[in-house]
Amino acid sequence: MSSFKKATDYVFSKAFLKYLCSTHFWGPVSNFGIPLAAVMDLKKEPDLISGPMTFSLIGYSAVFMRYATQVTPWNPLLFLCHFVNEGAQLGQGYRFVNGRRVCV
């Protein structure tokens, strides 16, 4: 059986429909707004970055990446959401620190 046939069989199965109607799907999908906003903010000026919020979100995503690997069943979509957010927030944190360096 081809990979395409397997994929289409799964997409049209009751198991996939059940997954689409679960919090394992909609939780991460709705949570993707945070990393999307962070990625979009990478284009803005560094002086607009909130340091406390950025560093809080770095910790938040690190904790929930770990959580995503521990829930049963494993939730790769939740892990991906927090992995993307961790990278974006680390980029923002770098820009925040770098933008506040004072040259003497």
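Good morning. The model is predicted, so a word on conventions comes before the details: local features need pLDDT of at least 70, side-chain atom pairs count only at pLDDT 80 or more, and totals for chains, interfaces and linings use all residues. Residues are numbered from 1 along each chain as its sequence is written, and side-chain values use heavy atoms, with hydrogens and water left out.

Let me begin with the aromatic residues. Rings of Phe, Tyr and Trp (its six-membered ring) are paired if their centres lie within 6.5 Å; planes under 30 degrees apart count as stacked, over 60 as edge-to-face, and the rest as tilted. By this rule there are eight aromatic pairs. One of them joins Phe55 and Phe96, an edge-to-face pair with 5.9 Å from centre to centre and 75° between the planes. This pair links distant parts of the chain, since Phe55 belongs to helix H5 (residues 51-70) and Phe96 to helix H6, 41 residues apart. Helices here are DSSP runs of H or I with at least four residues, numbered from the N terminus. For accessibility, buried means under 20% relative accessible area, exposed means over 50%, and partly exposed lies in between, with a 1.4 Å probe and protein chains only. Phe96 is therefore buried, at 16%, whereas Phe55 is partly exposed, at 41%.

The next pair is formed by Tyr60 and Phe64, whose ring centres are 5.1 Å apart with planes at 50°, so the pair is tilted. Why are these two residues separated by about one helical turn? They are four residues apart in helix H5. An α-helix has 3.6 residues a turn, so residues three or four places apart point the same way. Tyr60 has 29% relative accessibility and counts as partly exposed; Phe64, at 31%, is partly exposed. Elsewhere, Tyr10, Phe16, Tyr19, Phe25 and Trp26 form one aromatic cluster.

Phe25 brings us to helix H3. The buried residues of this helix (residues 23-31) are Phe25, Pro28 and Asn31. Seen down the helix axis, they fall within an arc of 150°, so they line one face of H3; the arc is that of the directions from the helix axis to the C-beta atoms. Which residues are exposed on the other side of H3? They are Thr23 and Ser30. Ser30 has a relative accessible area of 57% and is therefore exposed. From C-alpha to C-alpha, Ser30 and Val97 are 29 Å apart in space and 67 residues apart in sequence. Asn85 is found in helix H6 and counts as buried because its relative accessibility is 1%.

Val39, Leu42, Leu80, Phe83 and Val84 make a nonpolar patch of about 390 Å². Patches are made of residues with over 30% relative accessible area and no salt bridge; like charges are joined within 9 Å, and nonpolar side chains (Val, Leu, Ile, Met, Phe, Trp, Tyr) within 5 Å. The areas come from the Shrake-Rupley method with a 1.4 Å probe, and for residues only the protein chains shown count as cover. Helix H6 (residues 76-99) gives the most to this patch, with three residues. Val39 has its place in helix H4 (residues 33-41) and is partly exposed, at 39% relative accessibility.

How many salt bridges does a search of the whole structure find? It finds two, a salt bridge being a side-chain nitrogen of Lys or Arg within 4 Å of a carboxyl oxygen of Asp or Glu. In one, the closest N and O atoms of Lys5 and Asp9 are 3.1 Å apart. Lys5 and Asp9 are four residues apart in helix H1 (residues 3-11), so about one helical turn separates them. In the other, Asp41 is bridged to Lys44, with 3.3 Å between the closest N and O atoms. Asp41 is partly exposed, at 27%, and Lys44 is partly exposed, at 46%.

Finally, the cysteines. A disulfide is a pair of cysteine sulfur atoms within 2.5 Å, and by this rule the count is zero. Cys21 is in no disulfide, the nearest cysteine sulfur being that of Cys81, 20 Å away; that distance is too far for a bond. Cys21 is exposed, with a relative accessible area of 62%, whereas Cys81 is buried, at 1%.

Thank you.
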